Amino acid sequence: MTTADTAPLSYPFNVPESLELSEEYEQARNRPGLLKVRMAYGEPAWLVTRYAEARFVLGDQRFSRAEGARHDEPRQSEGRTDSGILGMDPPDHTRLRTLVAKAFTVRQVEKLRPQVKQLANELLDELEAAGPPADLVDRYALPIPVAVICRMLGVPAEDRPRFRVWSDAALSTSSLTAAEFDANMEELRAYMRQLIEEHRRAPQDDLMTALIDARDVNDRLSEVELVDLCVGILVAGHETTATQIPNFVLALLDHPGQLALLRERPELIGGAVEELLRFVPLGSGASQARYATEDVEVGGTLVRAGTPVLVAVGAANRDALRFDAPGTLDISRTGMQHLGFGHGVHHCLGAPLARLELQEAIGALITRFPDLRLAGDVVWKSEMLVRGPRVMPVGW
Amino acid sequence: MTWKVEIDPQQCIASGSCAAIAADLFVVDGAYARPLKDRIEEDERALDAADVCPAAAITVRDGTEVVGPRP
């Protein structure tokens with residue numbers, strides 16, 4: 001077993017201004033044991049980079065998210081927030097997740113496919129009318145998930161300019177002080193509380209109304225949980241997908257053979273999205289540390305009770321022990337179980353919705369524009385937990 | 001009374017939610033999750049797993065009556 005007597009490496013490894021996976025991960029994967037790392041804030045942590053160990057830690061109840069609140073959790077920003085459902089363990093986690101799970105099942109979101117398809121095509125009409133160069137992020141990648149999650153939850157999509165700043169700050173790794181970070185979150189909560197009151201007065205056919213019923217009628221969640229759950233769904237429901245749409249387009253433009261294959265065989269879109277989810281390391285690094293609640297051996301390292309473990313899913317998704325030619329983008333791969341949506345109880349609640357939006361958005365875009373290309377420099381999000389273009393000019 | 005637990009491999013996306021909720025009832029050891037035993041004693045966690053499954057792939061039956069996922 002390895003010991004903890006080496007100095008922790010500074011983490012995260014990836015740079016924000018690209019979609020590359022840092023070579024340090026490959027070295028880590030090839031070394032026995034876990035790696036000791038330290039983030040800008042919080043205590044040192046063990047880093048998991050291999051697939052089998054990533055699945056193990058994410059899927060085992062001896063690794064707790066809730067413990068993070070009782071520790072100096074490793075993180076990229078000074079501010080720390082109560083991470084809501086992401087910071088809970090069963091049975092609290094199960095109680096909240098149950099309330100929203102049904103809205104996001106495969107079968108339920110599949111009903112939205114015609115609407116998403118239509119929305120993508122309308123946005124492409126507008127893009128085409130505006131003419132190149134056009135910003136793919138602002139005009140296409142962002143409006144699709146914003147419209148969908150706002151409609152589901154019951155948030156006016158036209159309020160996007162209002163919640164954009166707060167929502168960005170929620171995922172920010174920038175130099176916001178803890179006080180600024182808290183102030184931002186409080187503004188977003190205040191906005192949501194006001195919407196919840198409006199829904200209380202005039203119930204709608206949406207998820208917010210269903211959650212208000214769970215609170216008011218069945219007493220299944222507290223008022224704070226209600227507000228934070230709505231905030232969490234709104235933020236998580238659009239930022240990641242809005243970031244992955246341009247990321248996937250960049251990855252495909254970077255692999256013209258694969259893009260040509262997808263245009264030739266559009267029925268591959270489902271598998272292509274899965275492969276892109278595996279291939280694109282979205283996060284600038286691992287976050288959401290899990291704390292061992294007892295001594296557990298992970299990949300040859302003894303993780304002592306009370307010690308945090310970070311799981312680098314981007315690295316695990318490129319583990320040669322699990323995937324053939326892991327560094328190759330191959331949209332015809334099958335039977336793959338990437339960790340792009342995580343694993344275990346915190347497996348992305350919105351995975352079926354994200355899949356649907358990504359399939360429809362990418363499919364419609366590459367079909368409409370056979371000569372799609374970059375038409376200017378990509379401006380990267382440099383201060384976010386997720387990596388991707390902030391601005392991406394395209395031509396066709 | 002015992003319950004019967006099934007996972008539809010056509011629906012399962014191997015999220016690992018079920019095994020993480022009840023490792024003694026569910027396992028993800030191949031392409032899909034499966035129940036470790038198809039008959040179990042009444043167990044609230046089986047219903048929880050069925051409720052939170054992102055694929056709605058888990059069915060729990062008491063005799064012929066479906067008890068999970070809960071409506």
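This report walks through the folds of chains A and B and a few residues within them.

## Ground rules

This is a predicted model, where local features need pLDDT of at least 70 and side-chain atom pairs count only at pLDDT 80 or more, while totals for chains, interfaces and linings use all residues. Residues are numbered from 1 along each chain as its sequence is written, chains are lettered from A and ligands numbered from 1 in the order in which they are written, and side-chain values use heavy atoms, with hydrogens and water left out.

## Chain A as a whole

Chain A has 15 helices and 13 strands (DSSP runs numbered from the N terminus: H or I over at least four residues for helices, E over at least two for strands). Its radius of gyration is 21 Å, close to the 21 Å that the globule rule gives for 396 residues, so chain A is as compact as a globular protein of that length. That radius is taken over C-alpha atoms, and the rule is 2.2 Å times the number of residues to the power 0.38. Along the principal axes, the C-alpha atoms of chain A fill a box of roughly 60 × 55 × 40 Å.

How much of chain A is buried? Of its 396 residues, 57% count as buried (buried is under 20% relative accessible area, exposed is over 50%, and partly exposed is in between, with a 1.4 Å probe and protein chains only). Chain A exposes about 16,500 Å², and carbon and sulfur atoms supply 52% of that; the areas come from the Shrake-Rupley method with a 1.4 Å probe, and for residues only the protein chains shown count as cover. Take the contacts (heavy atoms within 4.5 Å) in chain A between residues at least 6 apart in sequence: 72% of them join residues at least 24 apart.

Strand 1 (residues 9-10) and strand 2 (residues 35-38) of chain A run parallel and are joined by 2 bridges; strands count as paired if DSSP finds at least two bridges between them. Leu9(A) has Val37(A) as its bridge partner in strand 2 of chain A. To get from strand 1 to strand 2, chain A goes through helix 1 (residues 23-30), and this β-α-β crossover is right-handed. In other words, with the strands pointing away from the viewer, the path from the first strand over the helix to the second runs clockwise.

Strand 2 of chain A also runs antiparallel to strand 3 (residues 45-48) of chain A, with 3 bridges joining them. Here Val37(A) sits opposite Ala45(A). This hairpin has 6 residues between the strands, and Gly42(A) takes a positive phi near 95 degrees in it.

## A three-stranded sheet in chain A

Chain A also has an open sheet of 3 strands in the order 5-13-10, with antiparallel pairing. Strand 5 (134-135) and strand 10 (373-374) of chain A are at the edges with a single partner strand each, so one side of each has no neighbour in the sheet. Strand 5 is joined to strand 13 (residues 393-395) of chain A by 2 bridges, and Asp135(A) stands opposite Pro393(A).

## Two buried residues in chain A

His93(A) is part of helix 3 (residues 92-101) of chain A. It is buried, with a relative accessible area of 3%. Setting aside neighbours within four places in sequence, His93(A) is in contact with Ile85(A), Met88(A), Val345(A) and His346(A).

Where is Pro281(A)? It is in the loop between helix 13 (269-279) and strand 6 (290-292) of chain A. Pro281(A) counts as buried at 3% relative accessibility. Beyond neighbours within four places in sequence, its contacts include Asn14(A), Leu19(A), Gly314(A) and Arg387(A).

## Chain B: sheet, helix and loop

In chain B, 4 strands make an open antiparallel sheet in the order 4-1-5-6. Strand 4 (39-41) and strand 6 (65-68) of chain B are at the edges, each with a single partner strand, so one side of each lacks a neighbour in the sheet. From one strand to the next, the twist averages 40 degrees. Helix 2 (residues 44-52) of chain B packs on the sheet, touching strands 1, 4, 5 and 6, and its direction makes about 140 degrees with that of strand 5 of chain B (axes are lines fitted to C-alpha atoms, for helices over the stretch in contact, and angles run from 0 to 180 degrees between N-to-C directions).

Asp24(B) lies in the loop between helix 1 (17-21) and strand 2 (26-28) of chain B, and counts as partly exposed at 40% relative accessibility. Apart from neighbours within four places in sequence, Asp24(B) is in contact with Leu36(B), Lys37(B) and Arg45(B).
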